[in-house]
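Work through the exercises below with the sequence and the model in view. Each task is followed by a solution in steps.

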Amino acid sequence: GPNSANMLISHRDGEIIDAECVPRDVYFIYPRKGILTHSNHFTARRFQAKDSGKSLLPDTVVRNERARRLLHQDRGRLNLAALQSVLKDHFSYPDSICRHGDQALDAFAQWETLTSFVIDLTEGTMHYTEGPPCCTAYKTITMAESE
């Protein structure tokens with residue numbers, strides 16, 4: 001059947017837009033005061049389809065707003081360490097931004113952060129983890145310039 005998807009599109013010159021895609025429509029989210037966050041639910045104001053993300057993962061609304069608030073606290077001073085700190089956040093553990101399996105639930109009902117990415121388009125670097133960012137060191141790769 002038809003599926004939904006979310007795509008974050010950004011440019012190294014400072015533009016960013018989020019596209020919430022559903023069958024037969026696309027909703028666009030723009031930064032607020034230079035910051036854009038997104039989690040596992042639709043946030044477009046005019047969104048009209050059923051959003052099953054909020055019922056499947058009700059904490060999605062908390063994680064999205066917490067990430068936005070944490071990023072706004074450091075606005076103007078955001079750097080790699082600040083971004084990584086937000087992605088490691090454990091408020092409302094285990095249903096936090098850095099999400100961990102809830103051992104009280106069946107194994108198939110558990111959700112966990114498997115990787116974390118911070119991409120610096122200006123520097124051409126990608127910092128990533130192979131596991132939850134709170135307990136896995138970020139590795140860095142450099143993106144090659146296209147010829």
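**Exercise 1: A histidine in a loop**

His41 lies in the loop that links β3 (25-29) and α1 (52-56). Helices (H or I, at least four residues) and strands (E, at least two) are DSSP runs, numbered from the N terminus. The model is predicted: local features need pLDDT of at least 70, side-chain atom pairs count only at pLDDT 80 or more, and totals for chains, interfaces and linings use all residues. Residues are numbered from 1 along each chain as its sequence is written, and side-chain values use heavy atoms, with hydrogens and water left out.

Task: Decide why His41 counts as buried, and list its contacts.

Step 1. Buried means under 20% relative accessible area, exposed over 50%, partly exposed in between (1.4 Å probe, protein chains only). His41 has a relative accessibility of 8%, so His41 counts as buried.

Step 2. Contact means heavy atoms within 4.5 Å. Apart from neighbours within four places in sequence, His41 touches Glu20, Asp51, Lys54, Thr60, Val61 and Asn64.

Step 3. A polar contact is a pair of N or O atoms within 3.5 Å; within protein, one must be able to donate a hydrogen and the other to accept it, and residues adjacent in sequence count only if both atoms are side-chain atoms. The side chain of His41 makes such a contact with the side chain of Thr60 at 2.9 Å, and another with that of Ser39 at 3.4 Å.

**Exercise 2: A sheet**

Task: Find the order in which the three strands of the open sheet stand.

Step 1. Two strands pair if DSSP finds at least two bridges between them. Strand β2 (residues 16-22) is joined to β3 by five bridges, and the two run antiparallel.

Step 2. The order is β1-β2-β3, with antiparallel pairing. β1 (5-10) and β3 each have a single partner strand and stand at the edges, so one side of each has no neighbour in the sheet.

**Exercise 3: A helix and its surroundings**

Task: Which residues of helix α3 (residues 80-87) are buried, and what do they pack against?

Step 1. Ala82, Gln84 and Val86 are buried in α3.

Step 2. The buried residues of α3 pack against α2 (60-73), β4 (117-120) and β5 (125-128).

Step 3. At the start of α3, Asn79 places a side-chain oxygen within 3.2 Å of the backbone nitrogen of Ala81.
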